[in-house]
Amino acid sequence: MPPYQQPPYQQQQQPPYQQAPYPQPPYQQFPPHFPQQQPQFPQQFPPYAAPQAGRRGGVGRGLACAGVALVVVAGVVAGGVGLLHAARQRVPVRGPSAAGGGAWEKVTEGLTAALAAKDEEAFVKPFAAGATKEKQRLVFRNLVRIPWETARWEPGLTIDGQLTVDFVHQVKGVDNFPVTEQYGWKVLSAASGPSPDPVAGPPPGIDEVVTEVGGVKDSQGKDAGFGYYPAPWDAYDELAVRVRDHLVVMSDKGQAAELDRDADVLARAAEDDLAAWREYAPAPTGERRGASGFFVVLEKDRDVYNKLYRGDGKPDDSLEAGVNMPMPAADGSKAGGGDLLVGGSRIVMDTTGSRFTGDQWRDGVTDIGRHEMAHAIVAPLLTTSGGFDGKGGPHDWVSEGFAEYMALRGKDSLARDELDAYLRGIPFDGQLPGDSGEFYADDADRRTANYTLAGDALRFMASKHGDAKVFAFVAAQYGQPGEYEQQVTAATGQPLGQFRAAWAAHVRAAVPARR
């Protein structure tokens, strides 16, 4: 799903559909709890919203919170589909690693055992003395702060002179299945060449030496565009981590005060979304079920924000306030009839926006939290990443509308005020947002209007047919995006055109200036 925009709310394996980022709020003073707008990045595969290729979020209330953004292995596409596509464009494999053979399995098994035993010296043993070893020492100290269900390293193949290594991991209470971050190691082995230090020789008791750790690079030395590197444990020298029911939230230690302030507010937002999902969502199908928890990173440095899970980083979208990035499961064999199985999502939020800095920050943090977590809940229902053109995934208005609908559940009066405020001066053609133009518009007012209209369309559906119909419609769209018109009819009892016309009449009645 695309990332979340400011405000409104707004994979080594191939990334799933990413939701577009959540937008920054367009109007600084209205409503009071919305921060000022920030541009948003197009959907990634997947960001603010959930695990399809990432999507960029609209400007609306939050300016942009991206929904689904599949980041690592793929390109960037609205609604999260694009990233997954990119993920499939894998760097050419040069063949099995000739340096060390099974020795690298022993090295990676040693890392796995060392983390489980919380043995720092055993963990850093394979890394070359100096900067590489000291950086991995910091990584280890970060990793032991995370509540793992599964955490192991597995050697892969040689790609352009690098040994690819998969960090297969599952965060307890968050991920439905293990997911993978992929590293590119530069290595030396007793079987292939001299140690990095001809005088000192290799570390005691080990012939294989890892001289450099990073994301997988292409033949030009640039980030290859897949792997979900860097994760927070790679990006920060010291992580601050807070664990709540259904939530693991973290930041750089330097932002720990912000983290402590926001953790319980985000935990309440998580419970709000999960309670609604438990009450109204359709029964799970096979191995696919909604997310049961959330992984959130709070970041104030925009450069770091743009690089998390994206290697060298993505172009900055000032309208984006947050993003949800779904990650494919490390083992996709349980995908069933679909070609994609999302293991979990990663949410990143920009804490410099007004949602976090305004006087009504609790409302703002709740808003973006509910929005991004809604994307994350439905991300595991994705069965396809869509096409390389960004099409073939859930309709943007459905994915962003669901996130907005969840963000404002129980706040109907505010939703009506926003509809009136954000549509002033914006032409309304009676179409569902994105059906006759770009949903993630570059213009902040237009993007905000699209987010607001999308949320209103699902709120209108719920008012006429009930919440359970909305949840079933959204779940069906994520599972079978090509059956859109049939799904609208199943939810409303009306053909698409009739539903659209009834909703447009409702908008015009609610906002009399709209014609």
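User: Which residues line the largest cavity?

Analyst: This is a predicted model, where local features need pLDDT of at least 70, side-chain atom pairs count only at pLDDT 80 or more, and totals for chains, interfaces and linings use all residues. Residues are numbered from 1 along each chain as its sequence is written, and side-chain values use heavy atoms, with hydrogens and water left out. On a 1 Å grid over the protein atoms alone, a cavity is a set of points where a 1.4 Å probe fits but cannot get out, and lining residues have an atom within 4 Å of a point. Here the lining consists of Leu111, Phe123, Phe127, Gln136, Val139, Trp153, Tyr183, Trp185 and Val213.

User: What volume does the largest cavity have?

Analyst: Grid points are joined across faces, edges and corners, and a volume is the space filled by probe spheres set on the points. For the largest cavity that comes to about 60 Å³.

User: How does its lining divide into nonpolar, polar and charged residues?

Analyst: Ala, Val, Leu, Ile, Met, Phe, Trp, Tyr, Cys and Pro count as nonpolar, Asp, Glu, Lys and Arg as charged, and the others, Gly among them, as polar. The lining has 8 nonpolar residues, 1 polar and no charged.

User: Which elements supply at least two residues each?

Analyst: Elements are DSSP runs numbered from the N terminus: helices are H or I with at least four residues, strands are E with at least two. Helix 4 (131-143) and strand 4 (179-188) are the ones here.

User: Let's take Phe123 from that lining. Is it buried or exposed?

Analyst: Buried means under 20% relative accessible area, exposed over 50%, and partly exposed in between, with a 1.4 Å probe and protein chains only. Phe123 has 2%, so it is buried. You'll find Phe123 in helix 3 (residues 120-124). Contact means heavy atoms within 4.5 Å. Leaving aside neighbours within four places in sequence, Phe123 is in contact with Leu111, Ala114, Gln136, Phe140, Leu143 and Trp153.

User: How do I read the sheet, and in what order do its strands come?

Analyst: Strands of a sheet pair through backbone hydrogen bonds, either parallel or antiparallel. Two strands count as paired if DSSP finds at least two bridges between them. In this case 4 strands make an open sheet in the order 2-3-4-5, with antiparallel pairing. Strand 2 (148-159) and strand 5 (209-214) are the edge strands, each pairing on one side only. Between strand 2 and strand 3 (residues 162-171) there are 9 bridges, and Glu154 has Asp166 in strand 3 as its bridge partner.

User: Which strands does helix 2 touch?

Analyst: For directions, axes are lines fitted to C-alpha atoms, for helices over the stretch in contact, and angles run from 0 to 180 degrees between N-to-C directions. Helix 2 (residues 103-117) packs on the sheet and touches strand 2, strand 3, strand 4 and strand 5, its direction making about 160° with that of strand 2. Helix 4 lies across strand 2, strand 3 and strand 5, at about 65° to strand 5.

User: And pockets: what volume does the second largest pocket have?

Analyst: A pocket is an open set of points with protein on both sides within 12 Å along at least five of seven lines. The second largest pocket has a volume of about 340 Å³. Its lining has 16 residues, with Ala283, Pro284, Thr285, Leu381 and Ala475 nearest the centre. Helix 6 (256-280) and helix 13 (467-479) are the elements giving two or more residues to this lining, and helix 13 has the largest share, 3 residues.
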